Amino acid sequence: MPYFGSEETVKELKRALSNPNVQADRLRYKNYITRVIRYMTQGLDVSSLFMDMVKASATVDIVQKKLVYLYMCTYASDKPDLALLAINTLRKDCADPNPMVRGLALRNMCNFRMPGITEYIEQPIVAGLRDKASYVRRVAVMGCAKMHSLQPNIEIDASIVNELYALLRDPDPVVVVNCLRALEEILKDEGGVVINKPIAHHLLNRMKDLDSWGQSEVLTFLLRYRPRSDDELFDILSLLDAFLQSAHAHVAVATLRLFLHLATAHPAVQADALQHTSGALLTMCGSISRELRFAGLCHVQQVMRSQPGLFAPHYKRFFCAYSEPSYIKFRKMEILVELVNDENVTLVLEELRSYCTDVSPELAQAAIAAIGRIARTYSEKCLDILTGLLALKQEHITSAVIQTFRDLVWFCPQSTAAVCQTVEACVDCPQDSEAKQALLWLLGEHGEQISSAPYVLEVYIDGLKTELSSSVKMELLTAAVKMFLCRPAETQDMLGRLLHHCIEEESDMCVRDRALLYHRLLQQGVEQTRKVVMGPKSDPSMSVLTGHQQEPVSQWVSNFNTLGPLSAPDLCIQTPLISSPEQPSNNAEEELLPVSKDVSPSIPKDDQEELNLYLGPPLSHESFERTWLDLEVLHRETLSYTRPRTTPDTLQAALQLVKIQTLAFTPGDTLPWKAYLYTRGNRTLILAELLQEDPDSEGRLVVSVKQQPPNQHALRGFVSILSSVLQTLNVDS
Amino acid sequence: MTARVRFKMISQIFILSSKGDHLIYKDFRGEAGKDSINVFYEMVTALSGDQPPVVMTHKDLQFIHVRQGGLYWVASTKTNPSPFTIIEFLNRLAALTKDYCGSLSEKSVRMNFALIYELLDEMVDYGYIQTTSTDMLKNFIQTEAVTSKPFSLFDLSNVGLFGAETQQSKVAPSVAASRPIMSSRGEQGGKNEIFVDVIERLSVVMGSKGVLMKADIQGEIRIKCFLPSCSEMRIGLNEELNIGKSQLKGYSSAVCVDECRFHQAVKLDEFDTFRILKVCPSQGEQTVMQYQLCDDLPCPPPFQLFPSVEKDYVNRVLIFLKLRCDLPPKSTALNVSVTVPVPKGAISMSQELSSPDQTAELQPKNKALLWEIPRFPGGAQLSALFKVDVPGLSSASLLEVGPVSMSFELPKQTCTGLQIRFLRLSPTQTGLSQRWVRYVTHSDSYTIRI
């Protein structure tokens, strides 16, 4: 932030600082120094005062020293030659009898970020490591890491590394933790600090001496240790048991993560640890600090991926408080949707219903969408509420309800009749284009069940000239054509007008092309059109695998207690999945999971290089189908062999081994034989189809892969993994 | 995966005012430029209300921030640390700033920026948290805190908290606890006091007929100690204190809580038998015990509402509210405010309130009316009639009235009934001028459906 007249200010300060009268008056001098720091914080460039500040460092006043050091550390890299002038004073301070002065000088000297400094700091650091004051040792240990970062290419000094390893036994707990941190940085090219059995047990025994920050840091380092035997494992776990109940959220969560990590082979222990910590997690979700609340909620969501039932009895803890910010309310609603069961559904719905009239339209719409999600299981109760909301005749509510209806009909066809009845009875024409599209889709898709459908359509066709959104026009065309196919007498005339208008007068190319397409299609005859437009709604072979599956803990534990859950990288794959262009209603859902795509990839991931396939949250066959239909084939390859002649179980199990999920396949020997697969890896979702048309001879297996978002590297990796599995299976059989 | 290098360090810490002024900026590792402050401020102000702001990403830099005292407390990092650690650290930094500066505001941070730099310098080295304990820090902090005298007699920021009750003779002045812990000069400086506060937050959802649907209490015992060094303090809680759901309540007057958590420094050897906490409080504020009670309220909910909502004339809604305070007669609720959502499009309102100190106003922007009652004695019943004009009112619009939410403070009250029987310092502390025990219950969320 450049200030007006900043040059004047700096000049004035310079004059004052070099004024002998000021220098003689301790308080006034210090006052000017304070002002320099204040301007520096505000963003003013005061580096030209460096010389004067160096002079000011020679003082017995510790406060003044600290301020000057802060200044010097900030500008040392800009003025390396001048900074060297300060070194002498600092080195002298490093030998001061007062340990506080020694530590202060050493810390700040190491903070000078300029290349030439190492030769001056090495000796004081080595001396500091053996200082009798723990304060100085702490500083010196961190100094080793700083020194290493100043000259990263120079060979690691083995004697310093050894000294640091030895200092892991230091009586001062902060020195111990600092040693771990410093070693981790210095040895980063070799995989960081080594946690072997003696070190691990030493650290475990020191746990109770550490403060909470040290504890959570050590717990993170211990993630690297693998116990040699089950006995050792359980010894460790019982040592750590008390920390699961720590009053500090960060310690409790770090302990939980370590538990889950160590007990990978003992799901019962993991479940037990989750049960134990659920209280702590719930407390975080009710913490005064809303940021902590948010972090707690995000982690509860992670746990629920494996144990959806764990928090169900505590569902009331996820009711939204009036004063909470929206982003917390959104998370709570997501959780409520997940933990609904037979016992709590009535109360949860009642609570969600009370959010639907919230003053924030986004929140109201999210609440309506949440009710829609619950409706997939408890349709009757939810439909009553949604219908009741229509009576409020409020724009944003009606819009959200219609969009929810459309999704509901798609996911849960048995509710079609009830939805159609409601739509028939109480829908006025919505105003926003999202809702218009949803309504038109419903009318077109289920026009035969809504007696007034053609008349509603007619209103839209008559109002076409004033319609601005081309997506609404496209939807209208589709709906009108579908309607014509099931109720030709009532629709023929208006369809003609619509096509005429769209072909002759429409300026939007897409709409015109769509109209022309339908026009030509209709010229082929009604039956032909019906085959195309009203084709089968879903592939009958994909009628398996619905419902929510519990994921193993290992799926999310590597992300637990990191920033990942707070920016929801896992969900960003799911979100675009549900809201394909034809299904814009899920916007509300998108707001529930506000994931910006540029957030997730930049979270440092350690597996950038190689492809790690994982299954991730299960994909329902509807969402698979929709994604499949939306995406382009990115890669098609004819393999040099036929489909494996193994039993379906073997195929499924073999693919599962390499983390590829089989969603559906043609049973038996029927041809054409198809199989649909999916997997995730390197932040993309990979969908694949295997197809064999003819019996044998020419009929090679064709694999088509789609991907979201595209990632060539992952795609190639996937194809090679898949083909090698299939090949192996072929050889075996 | 096991050999993965795990760095968890903070790159920069900065404190910004709500207008984006830089109050404090410290770069620990020199890996991110100074313009990241402005990047952060642009990002955080561009967010809409429904986007979670806690973690934000700009290129390879992550910002984690908390809001305290109207300020942004921000840590930036290039690594992927535990969000809990960073958030709790920033909260701790804010708490320490409050301890050392007396209060938490833009002004106090501005005035004490040298002190805060000094704190930060000792708390974090090279991006790694070193210590946050006052006992350790006080040896290193040399700067004297600068406090500002309150401008007016009515420093409203503090009055509400513990209630400026004057009926009882011995009530701690509300501003007594908001002063720097270290000041050695000044008129208040000499007082070596200890405040022990029992603070409960109540969250309640009531159904339409006064049925209690949800009731949670989150409580904590907080000590604020102004003594430079304090010997062991014994805090005696109710002898009949049951912990955990399993125990049978019977007819005893036992106080029940579901779960307790204690500060690391609390010694619990006498807790199981005598319900005594032993702690050596360090200077400043600390929470020694947190507890919670869920789905159960040992006392009747403090407020009952009897609403009636009718359509009057064509475009008018009549909302008649009868509000009863079910506290014991000697107690009083303070700063009671009642928010009633009204149908969309409400343009004006007239009201009949039962006393002149109450106020009510229509807030069309929030689609709600706000009824405020500064003092509400236990056992009393107040009623109010609101006539809200809504053009184009339909009968369905009446469904938009509700749920009602309330906020209030109950000084000298705990809903769980948790009490401090005694505070003993052993051996007798020299130089201690005053020990205060204060109770307060806040409404975290109090919702009544209509």
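A residue counts as buried when its relative accessible area is under 20%, as exposed when that area is over 50%, and as partly exposed in between. Keep that scale in mind for two of the stops below. The model on screen is predicted.

**Stop 1: B:Ser82**

Select B:Ser82. Is B:Ser82 buried or exposed? Its relative accessible area is 7%, under the 20% cut-off, so B:Ser82 is buried.

Now show its surroundings. Setting aside neighbours within four places in sequence, B:Ser82 is in contact with A:Asn561 and B:Lys8. Draw a distance to A:Asn561. The two side chains make a polar contact at 2.6 Å.

**Stop 2: the interface of chains A and B**

Colour by chain. The contact set comprises 106 residues of chain A and 97 residues of chain B. The size of an interface is often given as the accessible area lost when the parts come together. Here chain A and chain B bury about 8,700 Å² between them. Carbon and sulfur atoms account for 55% of that area.

Next, turn to the polar side of the interface. Between chain A and chain B, 32 residue pairs are in polar contact, counting pairs with both residues at pLDDT 80 or more. How many salt bridges cross the interface of chain A and chain B? The rule finds 10.

Pick B:Asp216 and A:Arg317. They form a salt bridge. Their closest N and O atoms are 3.5 Å apart.

**Stop 3: A:Gly309**

Move to chain A and select A:Gly309. Look for it in the loop that links helix H17 (290-306) to helix H18 (326-338). Its relative accessible area is 48%, which falls between 20% and 50%, so A:Gly309 is partly exposed.

A:Gly309 and A:Leu339 are 30 residues apart along the chain. Their C-alpha atoms are separated by 6.6 Å.

**Stop 4: a sheet in chain B**

Return to chain B and switch to cartoon. Four strands make an open sheet in the order S16-S17-S22-S19, with antiparallel pairing. Which strands lie at the edges? They are S16 (303-312) and S19 (348-353) of chain B, each pairing on one side only. From one strand to the next, the twist averages 15°.

Zoom in on S16 of chain B and its partner S17 (residues 316-325). Their antiparallel pairing runs over 10 bridges. Opposite it, in S17 of chain B, stands B:Phe320.

Methods:
Residues numbered from 1 in each chain as written. Chains lettered and ligands numbered in written order. Predicted model: local features only at pLDDT ≥ 70, side-chain atom pairs only at ≥ 80, totals over all residues. Heavy atoms only, no water. Pairing = 2+ DSSP bridges. Helix = DSSP H or I, 4+ residues; strand = E, 2+ residues; numbered from the N terminus. Axes fitted to C-alpha atoms, helices over the stretch in contact; angles between N-to-C directions. Buried < 20%, exposed > 50% of the residue type's maximum accessible area, 1.4 Å probe, protein only. Contact = heavy atoms within 4.5 Å. Buried area = accessible area lost by both parts, 1.4 Å probe. Salt bridge = Lys/Arg side-chain N within 4 Å of Asp/Glu carboxyl O. Polar contact = N/O pair within 3.5 Å; in protein donor to acceptor, adjacent residues only side chain to side chain.
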